[in-house]
Structure formats: C-alpha cells, structure tokens
Amino acid sequence: MAAAAAVAVSAAPAESEPDRSGAEEEAREGVPEEEDGGGQPAGNGGAAAQTRLAKLPLSRIKALMKADPDVTLASQESVFIIAKATELFVEMIARDALVYAQQGKRKTLQRKDLDNAIEAIDEFAFLEGTLD
C-alpha cells in the first residue's frame, strides 16, 4: 500500500491530544457541504456548479468495493457512507499526525508523524505494521 510522502497541512497550536469534541463542525455551520456532483455542472444548463457532499470520487470508491469478490452489488448509499467514513478517518489520522509534525517544528506531515500517531493512539492500533 503506497502512502503519500508528505501532506501539507496548515499549522495550528500544538496540543498533546487533539480535541475531537466537534468544534470544527460548529465552525463550519452555515458553510454548505459538498454534494456528489462528480464535478459536473448542475442539470439546469450548468448555471451553477453542483456542490459535493463527498470529497472522494464515488465511482472509484465503488470500483474498489466491487474489487472484493464477496461484493456483487453496492448501493449508492453504501458507497457514500464508505466514502464519508474514509474522509473522516483520513482527517482524524492527519490531525493526530499534525501534532507530531508541530512538535518537530514542521508544517508538513511526514511518514514518521503517521507512524508516531499510530503507535501513540489506541484507535489506530489496527494499523501498526502496515506502513513498514
């Protein structure tokens, strides 16, 4: 499994444990979330681009799901839920790894930051050894 070499993340004040209380969701209230439009203009002549609820391409998520021989059909709802869960997981691990990047006085995540987050946080114990 290939991992991104570096991920640029805006710096926030360093914390020993990131806050997952939902403060970001509160800060986003009033900001329209993105809806899956596939990057295509809306059906009304393309006057306004359709916003997306999922940031990952649902067609690729569905293709990955169907790559499993046990999966024959995947509903739109299940594909969307998998895509959203993946987005939230990536956001969570990136935020936790950012703490280690900031401790090293860096603004760019490196593999060692992900490794440190995986080792230190029990929620990521299932990932131990996967980045080796």
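Two aromatic pairs were counted in this predicted model, where rings of Phe, Tyr and Trp (its six-membered ring) pair if their centres lie within 6.5 Å. Local features need pLDDT of at least 70, side-chain atom pairs count only at pLDDT 80 or more, and totals for chains, interfaces and linings use all residues of the predicted model. Residues are numbered from 1 along each chain as its sequence is written, and side-chain values use heavy atoms, with hydrogens and water left out.

Phe-89 lies in helix α3 (residues 76–103), and Phe-124 in the segment after α4 (111–120), so the pair ties together parts 35 residues apart in sequence. Helices are DSSP runs of H or I, at least four residues long, numbered from the N terminus.

Phe-89 also pairs with Phe-126. Here the centres are 6.2 Å apart and the planes stand at 45 degrees, so the pair is tilted. Phe-126 lies in the segment after α4, so its pairing with Phe-89 of helix α3 links parts 37 residues apart in sequence.

Phe-124 is buried, at 1% relative accessible area. Phe-89 is partly exposed at 29%. Phe-126 is exposed at 57%. Buried means under 20%, exposed over 50%, and partly exposed in between (1.4 Å probe, protein chains only). Phe-89, Phe-124 and Phe-126 form one aromatic cluster.

Methods:
Rings of Phe, Tyr and Trp (its six-membered ring) pair if their centres lie within 6.5 Å; planes under 30 degrees apart count as stacked, over 60 as edge-to-face and the rest as tilted. Helices (H or I, at least four residues) and strands (E, at least two) are DSSP runs, numbered from the N terminus.
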